[in-house]
Structure formats: structure tokens, C-alpha cells
Amino acid sequence: MSHVLSDETVAKEMEEIKSNHDNILPQHIHKVASPPKQSLFQDIKHNFNETFFSDDPFGKFKNQTGSRRFLLGLQSVFPIFEWGRYYNLQSFKGDLIAGLTIASLCIPQDIAYANLANLEPHYGLYTSFVAPLVYAFMGSSRDIAIGPVAVVSLLLGTLLTDEIPNFKSHEYLRLVFTATFFAGITQMALGLLRLGFLIDFLSHAAIVGFMGGAAITIALQQLKGLLGIKQFTKKTDIVSVLRSVFSAAHHGWNWETIVIGVSFLAFLLTTKYIAKKNKKLFWVAAISPMICVIVSTFCVYITRADKKGVAIVKHIRRGVNPSSVNEIYFSGKYLSAGIRIGVISGMVALTEAVAIGRTFAAMKDYSIDGNREMVALGSMNLIGSMTSCYVATGSFSRSAVNYMAGCKTAVSNIVMSIVLLLTLLVITPLFKYTPNAVLASIIIAAVMSLIDIQAVILLWKIDKFDFLACMGAFFGVIFQSVEIGLLIAVAISFAKILLQVTRPRTAVLGKLPGTTVYRNILQYPKASQIPGMLIVRVDSAIYFSNSNYIKDRILKWLTDEEIQRTSSEFPSIQFLVVEMSPVTDIDTSGIHAFEDLLKSLKKRDIQLLLANPGPIVIEKLDASKLSGLIGEDKIFLTVGDAVATFGPKGAEL
């Protein structure tokens, strides 16, 4: 039972106040003011600007000369012309070391990730040559390292093989370039149309679950190379993969391959552990993949282990990227598939890159422009699709190494790109004897960082619905497929939004002793309710999706409180106060719900009082004449004013 102030003369005083409140209205009480009237055009313009141009991107062009505007426009498209003016030798030293460090990490990773996308190894190297070069000129992040990543590579490989099972065919390669082209178009369009807020609909919880599930799936896929299995399932779910692994246990495993793979995997995990324990030794983990490639390649070459069943990379094409403009499907039966796969992979890549960019920007205390990032990422994938590359984005592992290596600007990406160019021109023949087991070990070690157990534990502690979203995405990926897991992640994220919108929280308020502050009586048990009054707060905008629920919930509060107060012989409720501070907006359905609430209250001989409606809400109440039906003398600036006017004497003291 809620605490209620006691007063022997409450009933009599309530009757007097109810009939004579106009004569005793305290002078200090302010009435709720309506905002200045705005035309329809002004209202649409304001909402449009707040949605798409809240950062005022054109503000810097005001009151500038033509030449200055041209320069500012050039800097907006190519930020390198802005920060490049202040670039110095000291910055270059940091970028050179960081660029060389991430290049040593990305070369073996690129070869391995290309296999995830069912592509020849040189396409991974092509991607890390062109994409970082474009991003360095157009991106706004100083720390992000660009290239192929495991999750997007697996997603592409899975979706593309569903369309063209024979991934060695030329049609498969053309579909890769087509999907990359439309991934770039999608990303660029989101940036140019300033629709970047759309990627925020994929919640952090869903991303954690999706990335964790993708990491498990990718690691399981590498058992083929780690165990030397020749016949392996093309499905990605855990049941099919494990069935394929154990069915080949008696005749399909190669012990030489297992020794190579497990040994180098142990080495990679050990170096990652050392780097994690001592941040100054980050370079140990960064160069360990290249060390693994060099040592394993040398061992296989001198022992000719490839003659004993150890699968090797074999030939990697030498030279720079050939043009692939004519390979993109702009018509035909694969066009729709290319668009669909491009949109999906582009959105996933965009989400990962923006998340990484924001993380490191926050660590270094600078800001990045989300829409500019989308244009930069879209441009690099668009150009990449025409230069034999597949979808690239920001890599968390490489970005972390880039950050710890002391990068200062995006020049580290240019250094990495130059190293990749030299690799393509000179070094690629040396990778001929690199065992696939080592590439599998490199991928497994890399994706382990995508499994964030601490984040999952935190989700469980903070929000059980977020934990459910995380687990839904996780199990969707590992038991079905990457695209199903992604679909579940998106569906649960939207379900959470819909649930919060359609079932907003409401609370009964009471007055904290010795104050004029009204708070939730469940959170503050000592808060006392006012005799003859029920004070309810609505913690959401009131729209068509929740208006009936809010009305019914308020009436249920009213019914429950009347029963409790009647049984305790306290005065029955004569006034319902709705605290509307959190109500940011109301639509016509909300207005109708309040009209219905008003009718229900009149039947119970209860008066409706409103407290602190916002400018948009009061404007709509006036426009709909609802404020007149309620009574403008019953709309107050604060709950305290409503209690002082209609409550029993001394209630506000």
C-alpha cells in the first residue's frame, strides 16, 4: 500500500478547493506557454534539417569567397588536403612504422581471407593495395586500417556460392565484382543522402552476437585447412561442419598438416597473449603471422611436405590489379543477385568500419564525420570493383595494431598500400609453398578477438533483452548461416525498438518528504502520494502505436489505486495528474486517446490535470481544442503547481 498523507479535514478541503480554485490560485504559479506559431513549411524544414543536416555541414561555407568555398569543398571531399597542410616529418616517422607493421600483418591475412571468399589469394592482395590508397585521400579516421576482413569475406563467399556453386568459374568472379560495385553504391548513397543513422538500428548487442557467431563459424571452416581435409561441406552451420570433419577422421586427415597447423596456431596464440599482457610488445603479435608464413614456407620447401599431402597455396599471380570494369554485371540473370549481395555486404562492412572508426576516434579525442566516412568507404569499394578488388572495410585487428604502432594520420594506409604494391610486383612467387594450414591458423587466431565474452556478460547484467538479441544473432549464425544470423540480429533490434515504442513505461509519483520533488514511488518508497490525487508519469512520446496502451495503463493505475485507497479508508481519487515532461510528441491517435481518457474520467467524477507538456505537445493540444476540453486552468507548469492548486492544504509544504 502506498504512503498517503493523513488529514482529518481532507474531504472538506477538497470540496472547497474543487469549487473555488479560481479564487485561491497562488500568484507564483506560472501557466504553460505555447510556442510561437510556425508555418507548415517551417515545420517541415526544421524536421528535415534535424534529420539530415543536424551537424550543419554547410555552415563553414557561409560568408566565404568563391575561392575559399572551392577549397573548403575540396577539403570536404578529400580531407587529406586539410590535415596534409600541417603534416611533418615527425608524423611521417610514426606513420611509416605503423604502415610497415600493419603491412606485415595484412599480407598473410589477405591471402587467407581471399580463401574465405572463395577467391584466388592475389585478389586479397589487390584489395589491400587499392582500397587503403583511396581511403587515405577521402576518409576522416586517422587510425582505421583498411582491407579485407574475415566476416565480410565469409559473408560474400556464403552468399555468392548460393548463387553460383562453382566458385572457380568466371561467372563467380564477375558476380564478386558486381556485388562489390553495388556495395560501394549503397555505402556512397547512404553518405550522400545523409542516411547514416540507418546503420544505428543494428544494436550493439546484435553486433556482438553476430560477430561472435561469425568468428565461431569462420574458425570451424578453417578445420578443413588445419586438418588437411580434401572433401569438405560447403555449408557453414556447426552441425554440417562437424559432421564433415568427423566423417573424414579415419581417412581424410593428414597428420603432417595437423602438426604444422597446430604448432603455428599455438605460436600465434602465445604471441597474442604476450601482446595482451604487455601493450609495448604489440609488435610481437603483429609480425607473428608473417613469421609463420616465412618459416612454414621454408620448412615445406626443404622437406617437400607438399608431396606428402600437405596442401599449399601454389601459384599467386604476379603484377598489379588488372581492370575489371567490363566484368561487372549491369544486366542479365545475376544482376539482381549482385545488387542484393552488394547491399547486404555493404551494410555489414559499413557497420564494422564506422564502429571501429568511432572507437579509435574516442580514444584519441577527435571526431569523425559518419556521412563522410560512408562516402569514402563507398568510393573505395566502387573503385575497387573496377580494379579487381572485392569488398573492403576497416579491420579491427589491423586498426588496433595501427593505433598501438603510433600512427598519426591515414598516411599509414598509404605506406601499407605501397608495401602491398611491392609484394605484388616482386614477392608473390615466394608464397608458392606456403601451407594452407598456416593460413587457417592465422585466420583462427585473428577471429578469436571477435568473441567478446566480457561484453556478453555485461549485456546480461545490464539488459536481458539485449542479451537475448545477442544470443539470437549468435545461435542464428552458428546453427543456420551468416545471413540468417544477420537477419535475426536486425529483426531482434527492430523488435526491441517496437516493444519500447508500443509498450512505454509509466509510473506513479509521490512527493519526497521535505521537498517539492515528485518521483516514482517504486524507486523511492518513502515518497508519499497526495490524498485525493493520483499522479502518473508517461515516459514516452504518445503515438498511434502506444496511445491506447497508455490510456488503458493509466486507467488500470487508477482502478488499482482506488481499490487500495477505499480499503484503507483514505479519500477517493478526485484528480488525476499526468506528468508529461518526458512526452516529446503526440499525434492524432494520442489526442483521441486523451479524449477517451477524459470521457472515462468524467464518468468516475475525476478531473484530469496535465503537468509540464512540452512545446510540441501543447501546440497540438491547442490545435485540437483538447486543451479547451480539459480546461486551460488545469494545465500546469509543474506537478507541484497542480498539487498546490487542487491538492489539500499543506500538501506542498
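The accessible surface of the protein chain comes to about 30,600 Å², and carbon and sulfur atoms hold 63% of that surface. Such areas come from the Shrake-Rupley method with a 1.4 Å probe; for residues, only the protein chains shown count as cover. This is a predicted model, in which local features need pLDDT of at least 70 and side-chain atom pairs count only at pLDDT 80 or more, while totals for chains, interfaces and linings use all residues. Residues are numbered from 1 along each chain as its sequence is written, and side-chain values use heavy atoms, with hydrogens and water left out.

Along its principal axes, the C-alpha trace spans about 105 × 70 × 55 Å. The chain has 653 residues, and 53% of them are buried. Buried means under 20% relative accessible area, exposed means over 50%, and partly exposed lies in between (1.4 Å probe, protein chains only). Among contacts with a separation of 6 or more, 81% join residues 24 or more positions apart. A contact means heavy atoms within 4.5 Å.

The secondary structure comes to 26 helices and eight strands. These are DSSP runs, numbered from the N terminus: helices are H or I with at least four residues, strands are E with at least two.

Look at helix α19, residues 453–462. Its residues A455, V456 and L459 are buried. Seen down the helix axis, the buried residues fall within an arc of 100°, so they line one face of α19. The arc is that of the directions from the helix axis to the C-beta atoms. This buried set packs against α9 (204–221) and α20 (464–479). The face turned away from the buried side carries I453, Q454 and K461, which are exposed.

Now the sheet. Six strands form an open sheet with mixed pairing, in the order β4-β3-β5-β6-β7-β8. β4 (518–520) and β8 (635–636) stand at the edges with a single partner strand each, so one side of each has no neighbour in the sheet. Two strands pair if DSSP finds at least two bridges between them. Strands β3 (residues 506–511) and β5 (residues 533–538) pair in the antiparallel sense over four bridges. Here L509 stands opposite I535 in β5.

Where does I427 sit? I427 belongs to helix α17, residues 411–427. I427 is partly exposed, at a relative accessible area of 32%.
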